[in-house]
Amino acid sequence: MGGRTHLKIGYAAFGSVVGFSALLVWNIAYKQPWTAAMGGLSGVLAFWALVTHIMYLQDYWRTWLKGLKFFIAVGVLFSVLAVAAFITFLVLAITQNQSIKNPRSFYLSCVWSFLTLKWSFLLALYSYRYRQEFADISILSDF
């Protein structure tokens, strides 16, 4: 429960800060709302993963396995949405002949869609693993 979880907490905290920074930068400096939205969503999902790890350290999940089931469903839902967004932004960037170097292009929206996919997948994966761990413990305690 110790060191590895603390690394995951640090990684999720870093992901939250970077995602929220992207939200601000692409809204204020570049005026590209789609990249900003995907960066912000990535930050929210990273923060959600952070909360999942903190709740694990506090042993909160032992009594609320249904919450983990909900987190898994949210992770899967946002994974599907992130893949759809990635494909959409890629098609838009290609059909509009946008430059990869342009910070307002849809290619950067693709990058943030991929990062959103990563965090939604990790949210579902961590929630699934914590649920399995505590489900095993609750089965043993029933005897």
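**Exercise 1. Identify the salt bridge and state the exposure of its two residues.**

*Solution.* The side chains of Arg62 and Asp59 form a salt bridge, with an N to O distance of 2.9 Å. The criterion is a side-chain nitrogen of Lys or Arg within 4 Å of a carboxyl oxygen of Asp or Glu. A search of the whole structure returns one such bridge. For exposure, the classes are buried (under 20% relative accessible area), exposed (over 50%) and partly exposed (in between), with a 1.4 Å probe and protein chains only. Arg62 is partly exposed because its relative accessibility is 36%. Asp59, at 29%, is likewise partly exposed.

The model is predicted: local features need pLDDT of at least 70, side-chain atom pairs count only at pLDDT 80 or more, and totals for chains, interfaces and linings use all residues. Residues are numbered from 1 along each chain as its sequence is written, and side-chain values use heavy atoms, leaving out hydrogens and water.

**Exercise 2. Determine the surroundings of Ser109.**

*Solution.* Ser109 belongs to helix α4. Its relative accessible area is 0%, so Ser109 is buried. Beyond neighbours within four places in sequence, Ser109 is in contact (heavy atoms within 4.5 Å) with Gln32, Trp34, Thr35, Met38 and Phe89. With Thr35, the side chain of Ser109 makes a polar contact of 2.7 Å. Such a contact is a pair of N or O atoms within 3.5 Å; within protein, one must be able to donate a hydrogen and the other to accept it, and residues adjacent in sequence count only if both atoms are side-chain atoms.

**Exercise 3. Compare the span of α3 with its expected span.**

*Solution.* The expected span is 1.5 Å times one less than the number of residues. Helix α3 has 31 residues, and its first and last C-alpha atoms are 45 Å apart, close to the expected 45 Å. Among its buried residues are Phe71, Ser79 and Phe89. Just after α3, Asn97 adopts a positive phi of about 50 degrees.

Notes
Helix = DSSP H or I, 4+ residues; strand = E, 2+ residues; numbered from the N terminus.
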